[in-house]
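I opened the model to look up its aromatic pairs, its strand pairing and its helix packing. My entries follow in the order I made them.

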Amino acid sequence: VFSGDYGNFAIDMEKICCIGHITRDKIVTPSHTVYMAGGVAFYFSYAINHLPKTVDYTLVTKLADEDRPYAEKMQAEGIKVTVFPSKATVFFENIYGDNPDERTQRVAAKSDPFRIDDMDGTEAQIFHLGTLLSDDFPLSFVQTLSKRGRISIDAQGFLREVRNEKVFPVDWKEKKEWLKHIDIVKVNEMEMEVLTGESDPKKAAAVLASWGPSEVLVTLGSLGSLILHNGEYIDVSSYKAETVVDATGCGDTYMAGYLYCRAQGKSPREAGSFAAAMCTLKLAHNGPFAGSIDDIRRVAGKDIGI
């Protein structure tokens, strides 16, 4: 290992690849309307790009020609991006009423799904599938890709189905077939219950692990997170945010921090604490994570050993 300015991270450059669509988001509230980029790929990429460059990271995405500037801006900020053409870019419209917890969601456009041919020439130790909708990836994609590296997913996108532009919550029909090929899966409280029928996080994690993944991450909001790793349950505390401004992308930020640490040999507990600290920092401002390793140290240094 090396110490340097970054703490005790492994010296070998491991590779993480995120595969997912960048979205065009329209956010409507009673006071204003905002257009911005979004999606798993967007929040995950910016989060990992703000960490020390001890991991070789790349993004594979699909965009319509008119939206390529989203990727070009990311490239200008130092993120490696491979862009494939798509007939359209995913377009999410989120409409909020007076109660910010109530949201109506519409998908006005969908990108082309990913094909295994899109991954020709891209190698990684960990492939994170940035799924937005249930048909972003065919089952054959993960069956083939899992032979080339570890597969990580956030289950959220697999539980969304679009019918006539409206988004409906659904169970994941192919979950058992998919999870045979998944190494790391993240769910929140709602998702774990939909997938497993269990309301207890430990029982839900055990069911998910029985279907294949060696690491199951259950995020529990202010209660922290639960990690089940090779049969061992690990409780990870959350960190109190100084202020809460924007929770959008927190799950993607968590996964970026967790995989960044795991790729370098950090324990699941340390990786979970690192990820939790990143989420606390993300909550304090709009847009993707923009903190630093020093900020993460300030929040969780004693728990991550740096």
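Notebook: aromatic pairs, sheet, helices

I began with helix α1 (residues 40-49), where Phe42 and Tyr46 both lie, four residues apart, about one turn of the helix. Helices here are DSSP runs of H or I of at least four residues, strands are runs of E of at least two, and both are numbered from the N terminus. The model is predicted, so I noted that local features need pLDDT of at least 70 and side-chain atom pairs pLDDT 80 or more, while totals for chains, interfaces and linings use all residues. Residues are numbered from 1 along each chain as its sequence is written, and side-chain values use heavy atoms, with hydrogens and water left out.

Phe42 and Tyr46 are listed as an edge-to-face aromatic pair, 5.0 Å centre to centre with 65 degrees between the planes. Rings of Phe, Tyr and Trp (its six-membered ring) pair if their centres lie within 6.5 Å; planes under 30 degrees apart are stacked, over 60 edge-to-face, the rest tilted. The search of the whole structure gave 10 aromatic pairs.

Next I traced the sheet. Its nine strands form an open sheet of mixed pairing, in the order β5-β4-β1-β8-β9-β12-β13-β14-β15; two strands pair if DSSP finds at least two bridges between them. β5 (80-85) and β15 (232-236) are at the edges with a single partner strand each, so one side of each lacks a neighbour in the sheet. From one strand to the next the twist averages 15 degrees. Strands β8 (residues 126-130) and β9 (residues 150-154) run parallel, joined by four bridges, and Phe127 has Ile151 in β9 as its bridge partner.

I then checked a hairpin. β10 (residues 160-163) and β11 (residues 166-169) run antiparallel with four bridges, and Arg163 stands opposite Lys166 in β11. Two residues lie between the strands, and Asn164 in the turn has a positive phi of about 50 degrees.

How do α5 and α6 pack? Helix α5 (residues 189-196) and helix α6 (residues 201-210) are at an angle of about 55 degrees, axes 10 Å apart. The contact (heavy atoms within 4.5 Å) involves Met192, Leu195 and Thr196 of α5 with Pro201, Ala204, Val207 and Leu208 of α6. I also found α6 lying across β12 (184-188), β13 (215-219), β14 (225-229) and β15, at about 35 degrees to β14. Helix α8 (residues 268-283) lies across β14 and β15, at about 25 degrees to β15. Axes are lines fitted to C-alpha atoms, for helices over the stretch in contact, and angles run from 0 to 180 degrees between N-to-C directions.
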